[in-house]
Amino acid sequence: MAVTDTIADFLTRIRNAQQASHRIVDIPMSKEKKTLTELLYKNGYILKYTFVDTPNKQGEIKIALKYDPISRIPAIRELVRVSKPGRRIYKGADNLPRIINGLGVAFVSTSKGIMSDKDARAANIGGEVLCYVL
């Protein structure tokens with residue numbers, strides 16, 4: 001099946017796995033998805049991840065989702081795709097969004113690669129706002 005928006009597919013797979021209370025989700029690998037997975041881990045939204053290289057395929061990312069041990073509430077409360085293939089959203093370093101006054105994270109595709117809004121603000125770089133994570 002051909003997917004036109006790979007980032008939206010990535011976010012949807014994570015969202016669906018959390019709604020079904022799955023512990024692990026498998027996602028087809030790409031460079032963007034690798035970077036987004038590493039950023040989700042760095043910001044504490046997922047438990048762990050592994051990159052599996054499979055022969056004759058593009059590979060897979062196995063993500064262990066993070067839940068609260070007592071209430072079983074997922075660490076990721078909301079995933080929102082901002083910039084879409086039909087409408088790209090670009091922001092300068094001064095206008096990068098603050099998600100719930102710093103409690104959430106926006107991921108930005110910059111000339112230096114994909115990074116969080118905090119890192120982009122610190123480096124004074126703007127770019128395409130990919131998604132919000134709360």
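## Tyr41 and the model

Tyr41 is partly exposed, with a relative accessible area of 42%. The cut-offs are simple: buried means under 20% relative accessible area, exposed means over 50%, and partly exposed lies in between (1.4 Å probe, protein chains only).

This is a predicted model, in which local features need pLDDT of at least 70 and side-chain atom pairs count only at pLDDT 80 or more, while totals for chains, interfaces and linings use all residues. Residues are numbered from 1 along each chain as its sequence is written, and side-chain values use heavy atoms, with hydrogens and water left out.

## Aromatic pairs

Rings of Phe, Tyr and Trp (its six-membered ring) pair if their centres lie within 6.5 Å; planes under 30 degrees apart are stacked, over 60 edge-to-face, and the rest tilted. How many aromatic pairs does this rule give? The count is 2. Tyr41 and Tyr49 have ring centres 5.4 Å apart and planes at 75 degrees, so this pair is edge-to-face. Tyr49 also pairs with Phe51.

Together, the ring pairs link Tyr41, Tyr49 and Phe51 into a cluster. Is Tyr49 buried or partly exposed? Tyr49 has 25% relative accessibility, so it counts as partly exposed. Phe51, at 29%, is partly exposed too.

## Charges over rings

A charge sits over a ring if NZ of Lys or CZ of Arg is within 6 Å of the ring centre and within 35 degrees of the ring normal. Which residue lies over the face of Phe51? It is Lys34, at 5.2 Å from the ring centre.

The charged end of Arg72 sits over Tyr67, 4.5 Å from the centre of the ring.

## Positive phi in two loops

Most residues other than glycine have a negative phi. Ile100 has a positive phi, near 45 degrees. Where is Ile100? Look in the loop between strand S5 (90-91) and strand S6 (105-110). Helices (H or I, at least four residues) and strands (E, at least two) are DSSP runs, numbered from the N terminus. Ile100 counts as exposed, at 52% relative accessibility.

Asn124 is not a glycine, yet its phi is positive, about 60 degrees. Its loop runs between helix H3 (117-123) and strand S8 (127-133). Asn124 is exposed, with a relative accessible area of 56%.
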